[in-house]
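Visitor: I would like to learn how to read a few features of a model. Please start with the terms and then go to the cases.

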Protein chains: 2
Amino acid sequence: MDTKKNDIIIDFEPISRRVVFSDDKSLYKILSDLDVPITSICGGLGTCGKCKVLVQRGNEYLNSPTPSERNHLSKEEITNGWHLACQTKFNVKDIELLKTLQPPQFRVFLPSELLLEDFNILVSGISKDVDFHPTIQKIFIEVNKPSLKEPFADFERIKSSLVSKSLNLKKNHEIEIDFDVLNRIPMLLRKNQHKITIVLWNDHKIISCEPGNTTQENFGIAFDIGTTTIVGYLINLNNGKIYAVDSKLNSQTAYGEDLVTRLTYINENEDNLVKLNSLVMNDLNDIIINVCNKANIKPSNIYEATIVGNSVMHHIFLGLNPVNIGLSPFIPVIQKDLNTKAGRLNLNILKSGNVYTSPIIAGFVGADTIGVILSSQIFKEKELTLAIDIGTNGEIIIGNRKILAVGSCAAGSALEGAHISDGMRAAAGAIDKININPNDYEVSYSTIKNKKPIGICGSGLVDVIAEMLKSKIITRSGNFNRELTHHGRFIKKDKSLEFVIAKREDISLDKDITISQNDIRQIQMAKAAFYAGTKIILGNLKSNLKIEQVFLAGAFGNYINANNAKFIGMIPDITDEKIFQIGNAAGIGAQHCLLNNNLRNKARMLLDKIQYIEIAADKSFQKMYAEAMYFPHINLDFFPNLIEYKEIPKR
Amino acid sequence: MDTKKNDIIIDFEPISRRVVFSDDKSLYKILSDLDVPITSICGGLGTCGKCKVLVQRGNEYLNSPTPSERNHLSKEEITNGWHLACQTKFNVKDIELLKTLQPPQFRVFLPSELLLEDFNILVSGISKDVDFHPTIQKIFIEVNKPSLKEPFADFERIKSSLVSKSLNLKKNHEIEIDFDVLNRIPMLLRKNQHKITIVLWNDHKIISCEPGNTTQENFGIAFDIGTTTIVGYLINLNNGKIYAVDSKLNSQTAYGEDLVTRLTYINENEDNLVKLNSLVMNDLNDIIINVCNKANIKPSNIYEATIVGNSVMHHIFLGLNPVNIGLSPFIPVIQKDLNTKAGRLNLNILKSGNVYTSPIIAGFVGADTIGVILSSQIFKEKELTLAIDIGTNGEIIIGNRKILAVGSCAAGSALEGAHISDGMRAAAGAIDKININPNDYEVSYSTIKNKKPIGICGSGLVDVIAEMLKSKIITRSGNFNRELTHHGRFIKKDKSLEFVIAKREDISLDKDITISQNDIRQIQMAKAAFYAGTKIILGNLKSNLKIEQVFLAGAFGNYINANNAKFIGMIPDITDEKIFQIGNAAGIGAQHCLLNNNLRNKARMLLDKIQYIEIAADKSFQKMYAEAMYFPHINLDFFPNLIEYKEIPKR
């Protein structure tokens, strides 16, 4: 960037981004405008306290702490130069003075938990076998040349060549052609000696015609649009193999990290839906460019995209207004699967290519859940299986070859680090595994990518709760054990006790990484919601059913210590051999829909069969939830194998 | 129009159109730019000689006669101020002089046969009964409101209401919705207490949702796009009645009156297809506005349009390049029927409405022929039936309940007045019926709208040939009978003999209306093509078949004296009771497709069954054609009932 003397410059570190400051914007707005994806739950309203930044130079020219900053930052932090980005502006009256100073006038440090850049995205998973029967077929044909004896139209001659070549074809009459493709065929046939390659969709619709034999270039892309993360898998539709994977933070996070914040944003103004839609389209198109570069193919050789995502992401992707999903009784615009032309949606694969969106089950049980069901094949299991998908929302699926029911609980976000004082996503520097020595309460931990710790991610949080229980640091009701709070691992912060996981002196942050009483409550609430939700669904099915098997899906599900998840009572008490971590099952579901067309019919049939249970509306929910707030449950009889609990105090 | 002093003004009469002349354009170009539809077969190339105009003022400032004008105009005509519009420009060097003269500096008279405005369009016909089963259904529903117990999506609740209301509905799973309509339903439901009207297409696709109960406003429009004339029929889809009819000259005539000229024009430049397409769209949209005004409805209450037209009109309407139809082996882009979204085609009915185009049989046997077949129900006849549709092209259909074959011959245009010195369309002032007294050769005639005669239309031409035969003025070989050419009704023009039909002194033109030897040849060629074509098709079917019944379709078919058509040998020698005039059968076919969806399947099935015979490619065509050039045929045994021929000399 060229800078002139008299410019006011901000350097953002550690990303080495230099910006010319020229307006009365907050730091949060400047970062949003730069397309730097930063953590924010409230979308810049000053209520979540997540957008903490450290101003290393120029502090004296900033506004004094706002009430929101005083609320979310300790005095010490304020003194040290910490600010909330959304609350921080420059004093405009100082502009003339600032211009006389040597640039950069400001240096702002963005902690990595704010930046969310160097994060792990789960792109793989354990996939059950899937039959290979893609919806796209490329067929090379030599079309008969027309004659006065056989003066058939171009399209009709292509049709007969296809019929003579392909076995799966639908009835001759039902072969269709994309209207935009139709006008290109006369020239194409005549310029290529009538030798062309047909791209046939779903055994009946011609969506492209290409010169010569291009059957080798045949690709599809499967997308998993998460609230926070988008993953795309480029798949060769001739052999079913993944040729490239790419992922990206969902740019919509700039407008709120959770769905409710985004729905509020959309409700404010009609244009906001258009804005979020174009953000997600840009993200998807970036991924398309990246995977095409990796595999060295053209985007126009991608003929189909399959999409899974929660209901809100599904709606925003399609440009459908999702606001009624956010209001009781949480109603989507449409549930059924859709096939839409890529050009219509501005998705930059082949313009006349097809975009398949999986069906959604209910307002908060989306196409991603159908993806989990399809890839886990829970509907083929003999044993009654509980599948939980922990993303920004939590979905609970219970089923086997006879029954299938789903529900949703707002339980996931704590397990992704939201509302936890030192919580963060599973990104580099996150503490992901924790051990506590029950004798001296010393803590050992590992971090993602072995970087110096900067926070605790979901699997670390489950570990720390389980370990604190086993060490009797907390009681079954989730309180700090008063007999131990004198121990040196406890510190007092703003009059509250916190248990120190990583000490300030051992790490590069200017603070301890701790677990507070409130953090424990957040995890309790999450695990109680999952357990109570499971119970409610079971109760709606048949009273005497018992979970025999557990699938843990999603990024969190893959990194979690399953034994500890069971120990804190998040999942039922079954043997470890019956707990499976099935990876990013939603994304695998999207891949399977690309690979096997029959699964789309399966999804449609499942939609009729699935029982949707509105968990929060169940009369017994509150009672069950309260009982499940205890570790592992108020009634230890439900967890007979967790004998350690005999020693752990209840309150 | 405001005119300033110093403007050069042309007044066009009798249309009272004043134009400021400001460029070096030909009169033809000026008229084209004015959107005045004028007769031209060659599209302004100077080869057809049809664009004759009379300059009544300003002759001295025009260019001297061009070779083309000397070729097409008699010396007398040139002296009297007649010009060919395409050859006529103003001398630019006179501009300064012209500016000093009193406007209008020019007055140009456009004869009505040039203008083609006051013309008869056949909008009705004898329609066989058609079952009423339209593709469009409007259904008023009260959709269940959502609840936590039944939290189904808006679309799914609409679907269940529909299923409970409609008997004909396809399987629940197959109900679809137009993507653009989908996003409007959440608001529509909630603003109208969940009471809405669904527009359902083909028992499975929702193409519109309207607030409240609007089932009363339910319209479709059937279009017959002829080479020269476009007719639209607005039909109430609740009761099948025609509510309004409107017609318009096809504006494409400005770019050539026949198809070959238009194909040449399209081949010149890629943009020309776009130009002709937008002309026809404007014509159709004008008709839509007119019929809506007549019936006092909104264009958005028209939910479907059906289209018939010859292959070239069909292609131009759809924006498909028709140039290969003009080159042997005359190949269209597509034959099958299409359903296209109105918005995609810029047809101004409901944007998400459906446009159905009938299938076409071959390059020169189009969707209009399917229309004739469907409305005549020739496929239900017991007797072997010949149907001929005489428009700008001639189509021959032979069939009954067992067989069905079609062919096309370039025979129609002479019967529409092209290439005939005083030929014209069936417009006001056209001589449409003629009698010749065999004793004194006096001619009596009638004209359309009883106006003073200005030319002879097709039915008049058939009459005049038959009458000249009966009076022995011409021989069976089509020559003037030398024994009579001394008679006063013969005149000599440019060394050739002409038989006078209407004398100069009896009419308002400054010339006689005559039949020349060449005119007789043109009719001979046309009728020989029809007869030989019929024979060729019969021969391709089975050698011993005989025509037992004749249907005459098209504007010409309706006005023709069927007995005379038989007398000149255009159609086979069968009794008059077995000859039926079935009117604008193509347009009725379009209406029937609107009224009865099953006919579309019928059309699709017929397309498989129909035998297309390329008449001109048949080895025996030239011989049969030559033999049929005689009146009624070289072999009188084929016309045993025409006993008058015993008296008529052969050569």
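Guide: Helices (H or I, at least four residues) and strands (E, at least two) are DSSP runs, numbered from the N terminus. The model is predicted, so local features need pLDDT of at least 70 and side-chain atom pairs count only at pLDDT 80 or more, while totals for chains, interfaces and linings use all residues. Residues are numbered from 1 along each chain as its sequence is written, and chains are lettered from A and ligands numbered from 1 in the order in which they are written.

Visitor: In which helix is the place of R190(B)?

Guide: R190(B) belongs to helix α8 (residues 185-191) of chain B.

Visitor: Does R190(B) count as buried, exposed or partly exposed, and what are the cut-offs?

Guide: A residue is buried if 20 or more other C-beta atoms lie within 10 Å of its own, exposed if 12 or fewer, and partly exposed in between; C-beta atoms are placed from the backbone. R190(B) has 13 C-beta neighbours inside 10 Å and therefore counts as partly exposed.

Visitor: How many residues of helix α13 of chain B are buried?

Guide: In α13 (residues 367-376) of chain B, 10 of the 10 residues are buried, so the helix is largely enclosed by the rest of the structure. Among them are D368(B), T369(B) and S375(B). Q377(B), which follows α13(B), has a positive phi near 50 degrees. Helix α19 (residues 585-595) of chain B is also largely enclosed by the rest of the structure, because 11 of its 11 residues are buried. Its buried residues include Q591(B) and H592(B).

Visitor: At what angle do α13(B) and α19(B) pack?

Guide: Axes are lines fitted to C-alpha atoms, for helices over the stretch in contact, and angles run from 0 to 180 degrees between N-to-C directions. Angles under 35 degrees count as roughly parallel, over 145 as roughly antiparallel, 65 to 115 as roughly perpendicular and the rest as oblique. The angle between α13(B) and α19(B) is about 75 degrees, and their axes are 7 Å apart. That makes α13(B) roughly perpendicular to α19(B).

Visitor: Which residues of α13(B) and α19(B) meet?

Guide: Two residues are in contact if their C-beta atoms, placed from the backbone, lie within 7 Å. From α13(B) the contact includes D368(B), G371(B) and S375(B), and from α19(B) it includes A586(B), G589(B) and C593(B). Ala, Val, Leu, Ile, Met, Phe, Trp, Tyr, Cys and Pro count as nonpolar, Asp, Glu, Lys and Arg as charged, and the others, Gly among them, as polar. On that basis the contact of α13(B) with α19(B) has 8 nonpolar, 6 polar and 1 charged residues.

Visitor: How do α16 and α21 of chain B pack?

Guide: Helix α16 (residues 517-541) of chain B packs against helix α21 (residues 621-628) of chain B at an angle of about 135 degrees, with axes 8 Å apart. That makes α16(B) oblique to α21(B). The contact involves, among others, A528(B), A532(B) and K535(B) of α16(B), together with F621(B) and Y625(B) of α21(B). Its residues divide into 9 nonpolar, no polar and 1 charged.

Visitor: Which residues touch the most other members of the largest nonpolar core?

Guide: A nonpolar core is a set of buried Ala, Val, Leu, Ile, Met, Phe, Trp, Tyr and Cys residues joined through C-beta atoms within 7 Å. In soluble globular proteins, nonpolar side chains tend to be buried together. The largest core here has 338 residues, and those touching the most other members include I221(A), I456(A) and I465(B). Leaving aside neighbours within four places in sequence, I465(B) is in contact with I520(B), I523(B) and I568(B). Another core, of 21 residues, lies apart from the largest one and includes I9(A) and F21(A).

Visitor: How many residues of chain A are in contact with chain B?

Guide: 34 residues of chain A are in contact with 34 residues of chain B. On the side of chain A that touches chain B, α6 (154-165), α7 (179-182) and α8 (185-191) of chain A each supply at least two residues. α6(A) gives the most, with 3 residues. That side divides into 18 nonpolar, 10 polar and 6 charged residues.

Visitor: Where is the backbone cis, and where is phi positive in a residue other than glycine?

Guide: A cis peptide bond joins F631(A) and P632(A), with omega about -15 degrees. In chain B, the peptide bond from F631(B) to P632(B) is cis, with omega near -15 degrees. F330(B) has a positive phi near 65 degrees, and F330(B) counts as buried because it has 20 C-beta neighbours inside 10 Å. K472(A), not a glycine, has a positive phi of about 60 degrees.
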